[in-house]
Each structure stands twice: as structure tokens, then as C-alpha cells.
Amino acid sequence: MSTALLTTEDIYQILENVKDPEIDTVSILDLGMVENVTVSGPEVSVKILPTFLGCPALSIIQKNVETTIKQLSGVEAVSVEFLRFPSWTSDRISEKGKAGLKAFGISPPPRQMKEDGSWHVDCPYCESTYVTMENIFGPTACRSILYCKSCKNPFEAMKPMIKFI
Amino acid sequence: MANNSSLENTVIKELLFQLADDDFIHSYRGSEWLGLAPHIEEDVASSSIAQDTMGHAAMFYQLLEELDEGNADQLAHDRPANERRNAVILELVNGPGHYMEEPEYDWAFAVVRNYFYTQAKMIKVQSLQSSSYKPLAEVSAKVQMELYYHLMHWKTWFVQLLGSGHEEAVSRMKAAIDKTLPDFQGVFSLGENGSEIVEQGLIESEAALLNKWNQAVAPVLESVGLQGAVEVGMAQGDGRNGKHTEDLVKALETLCEVYESDKAASW
């Protein structure tokens, strides 16, 4: 029987192990999905922001959060809740998360869009800025498909999700 | 007081059903294009949009579930056509034939309906952000961020086809506009309880929403040489009051087939 009390630090630490189900180089913490963690004795509650409302990975993430936290000794119950507010935005992705995306061949989302809604990212492989947008929509809700004219590689980018006026 | 709050709940639910059912059937019609869209990039794009839209419907059904209206899956699958509140224009088939065999779907109709509806939905979710029902206002902020890309997509198709100068494209697009407008008012209808919905500050009035939509589409229509001011109607009735076509009945039969096979299963 463990005598050490569980802390939120313990939970944040172990949540580093919960990766995006489709991008194993970034955790849900790196993506800025974890809004709040509370620990009350042996009970843990995690509040998460969904990236896209129709994302089929959300229930997988929920399950992975539960099983991962339950591995900690002293944990008896885990509740995971998806919050409607605040909205997840792509600027919540940390620098570490951006590096993780790049390592997977996905350009991190740009910080800004131009007034007409267009945006630019560089090639995650060769850093070239000579790229074209092939499809704003991609294999998952959060990604777009681009092509690098310098190194001739197709690549993906995380779509910017920013509040509009 | 108790009476007041129960009336308030009834009215909130009514609006939520309209929003949920619109997105649900719209997403279903969008998903029927999978594998049939004009090219592979469009297949990726339109199915991604359909998936987002189903997520929006699920969110609105979830809000109904939180108001004790029943389980979200059941609300989506287990209600007959005459209980659905979606606008009639959204339920109409993509074209003759069946997607499993000889579909003769009309891409021009898809583009027109998708652009007009997405623009209408954008105006609604903007209005909903000032809704007196806070959970709905919160969800709408999120929906709007995703919708931004949908609207850009369908507007691009709309302008490209109508501005192409290609005779077949232009004539089919014009025919699709003529087919869509006579029923498009149904998208703005708030149904029998419309005045209460507006009085409670849940969303702006039908007339205000329609006016904003007209202002948004007029410059786009004019940019391709068409008249900006358009007339809309409800030729086949008001779906908000349970009036629907055989197209909806058949769509529900198809999309509920798996659910009906085992209602107790957890998917």
C-alpha cells in the first residue's frame, strides 16, 4: 500500500505517455488538449478539449487516458470529461508539440492567417518555403495536404484553428 | 415559475432538434458522395466535411441528451420521418439511382445546396453565439471555426463552376439554383414555436437570418453575372413541423439499417 499522496504533478507526468492515436510523436499535453486535472484522494478527474467535434479519435483518447492513469498506484477512479468551452485552438500546441509534429512529417499550424484566410507553412522535411496547397482537407479532420516543389515530397500540415470575428 | 421553465426547455429543445436534424441529414447526403465525387481530392474534402458535420449533429443531440430528451444515438436513429425537424431541401436525394447501383447524382445540385446551406449555417452559428442558452453559444463558437473551411470550399466550387464559361457547367448550375431556391426558406424556418424561440433570445428571427443570408450570397451571385436578389420559398412544406418527403423516409430506412438490427448494441 502506497502512502505517498497522489498529486496533479503525477498525473501530468503520466499523461505525457498518452499520444495522439494517429501521431505517436506528440502527446495530448503537447497538443494542448488537457485543460484541467484535479486529484481528490484516490480519484482523478481530467478535463479535455476536443480538437475537432467529429474526430473519431476522441473516444480512443478517452480510453487511453483512463487506462494510463489507472497504472499509477493509489488511483481508484478516473473520470474523463470533454469540455465544450473554451474551444481548442491550434495555438495551444506547445513548442515540443510542434517539434513532434515535424518529426512525424507534419508541418505545425501557422500562427497567423492572411486577411483572405490563406496561410503558409514550410516543408517539414527540407524547410523550403516553395510549397503548394493540394487540399485544405486531408486524411483526418485536423490536417491539410501540401506538396514541396523543392524536395518533391508531399506532406501534411495541421490546419490552423483560430477564432474568427 | 415551474411552468415558465418547462416552457423554456421545450423551446430550447425545439431549436436543438432543428439544428441537429439539419446537420444529420445534410451529413448523410454528403456521405453518399463518397467514391463518387468528381475527383479524388474532392472525395477527401467532401467526406472530411461530412464527418465534421456529423460531429456537429452529434454535439446538438448531446445537448438534447443533457436536457433528458433521451440518448443521442437513439435521437439520431430512432425517430420516424414525421418527428424530424430538418428542412425539406436538405433531405432531397442527390439524384436518381442508388449509390450502390447506377447513381446518377447531380454534382451541380450538391454544390448549390452545400454552398447555400453552409452560408445559412454560418449565419446561424454566428447568431447562436449570443444565444441566451449558454451551452448552445459555446458549441457554436467551436462549430464556426470548422465551418470556416467548409464555406470556403463550397463557395470556391460555386464560383468556379458558374464562372467557368463552360456551357454545360453553367446551365446545370443554374438549373440547380432553380431547384434549390423554392424550398430553401425551410432552412430559416423556426417552426411553430418560432416566435417563442426568438422571444427567449435563443437565436435571431427568421427574417433577420434570411436577410443576412441574402446579403452574403448576393455579391457572390453578382460576381458570376447572376442577379443578386433571390426569392426563396417552402414549396414542399415546412420540415420544422414534421412535413417531409418520401426521400427522407427512404434515407432513414437506409441509414438506420444497422442500428435497427440490434438497438441494444453498443457501437
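Me: What makes you say that contacts in chain A join residues at least 24 apart in sequence?

Reply: This is a predicted model, to begin with. Take the contacts in chain A between residues at least 6 apart in sequence: 54% of these join residues at least 24 apart. A pair goes into that count if the two C-beta atoms lie within 7 Å.

Me: And how do you know what chain A is built from?

Reply: Chain A has 9 strands and 3 helices. In sequence order they come as α-β-β-β-β-α-β-α-β-β-β-β. Along the principal axes, the C-alpha atoms take up a box of roughly 60 × 35 × 25 Å. Of its 165 residues, 35% are buried, which means that each of them has 20 or more other C-beta atoms within 10 Å of its own.

Me: Into which domains is chain A divided?

Reply: Domain 1 covers 8–82 of chain A, and domain 2 covers 106–158. Their centres, taken over C-alpha atoms, are 29 Å apart. The two do touch: 6 residues of domain 1 of chain A are in contact with 4 residues of domain 2 of chain A. On the domain 1 side, that contact set is made up of 3 nonpolar, 2 polar and 1 charged residue.

Me: What does UniProt list for residues 9–80 of chain A?

Reply: An unreviewed UniProt entry gives that span as "domain: MIP18 family-like". In the model, residues 9–80 of chain A are 28% helix and 33% strand, with 17 Å between the end C-alpha atoms.

Me: What makes S1(A) and S2(A) a pair?

Reply: Strand S1 (residues 19–20) and strand S2 (residues 23–27) of chain A are joined by 2 bridges and run antiparallel. At least two bridges are needed for a pair, so they qualify. With 2 residues between them, S1(A) and S2(A) form a hairpin.

Me: What does UniProt list for residues 108–159 of chain A?

Reply: Here the unreviewed entry has "domain: PaaD zinc beta ribbon". In the model this span is 31% strand and 0% helix, and its end C-alpha atoms lie 8 Å apart.

Me: Why is the pairing in the sheet S6-S9-S8-S7 of chain A called mixed?

Reply: Strands of a sheet can pair either parallel or antiparallel. This open sheet of 4 strands is a mixed one. S6(A) and S9(A) pair in the parallel sense over 2 bridges. S8(A) and S9(A), by contrast, run antiparallel and are joined by 5 bridges. S7(A) and strand S8 (residues 143–148) of chain A are antiparallel too, with 4 bridges.

Me: What makes S6(A) and S7(A) edge strands?

Reply: Strand S6 (106–107) and strand S7 (131–135) of chain A each pair on one side only.

Me: Which residues are bridge partners in this sheet?

Reply: Val131(A) has Cys148(A) in S8(A) as its bridge partner, and Ile106(A) has Glu156(A) in S9(A). Leu146(A) stands opposite Phe155(A) in S9(A). In the hairpin of S8(A) and S9(A), with 5 residues between the strands, Lys152(A) takes a positive phi near 60°.

Me: How do you know whether strand S9 (residues 154–158) of chain A is covered or exposed?

Reply: Go by the count: 4 of its 5 residues are buried. Each of the 4 passes the cut-off of 20 or more C-beta atoms within 10 Å, so S9(A) is mostly covered.

Me: What makes up the side of chain B that touches chain A?

Reply: 24 residues of chain B are in contact with 16 residues of chain A. Helix H2 (40–66) and helix H6 (134–162) of chain B each give at least two residues to that side of chain B. The largest share, 13 residues, comes from H6(B). Sorted by class, the chain B side has 13 nonpolar, 6 polar and 5 charged residues.

Me: Why are the buried residues of H10(B) said to be on the same side?

Reply: Helix H10 (residues 246–255) of chain B has Leu248(B), Ala251(B) and Leu252(B) as its buried residues. They sit on the same side of H10(B) because they cover an arc of only 100° around the axis. That goes with the helix repeat: at 3.6 residues a turn, residues three or four places apart point the same way. On the other side of H10(B), Glu246(B) and Glu253(B) are exposed.

Key
Residues are numbered from 1 along each chain as its sequence is written. Chains are lettered from A and ligands numbered from 1 in the order in which they are written. This is a predicted model: local features need pLDDT of at least 70, side-chain atom pairs count only at pLDDT 80 or more; totals for chains, interfaces and linings use all residues. Ala, Val, Leu, Ile, Met, Phe, Trp, Tyr, Cys and Pro count as nonpolar, Asp, Glu, Lys and Arg as charged, and the others, Gly among them, as polar. A residue is buried if 20 or more other C-beta atoms lie within 10 Å of its own, exposed if 12 or fewer, and partly exposed in between; C-beta atoms are placed from the backbone. UniProt positions are given in the numbering used here, feature names are shortened, and annotations may be inferred rather than shown by experiment. Domain bounds come from an automatic or database domain assignment. The arc is that of the directions from the helix axis to the C-beta atoms.
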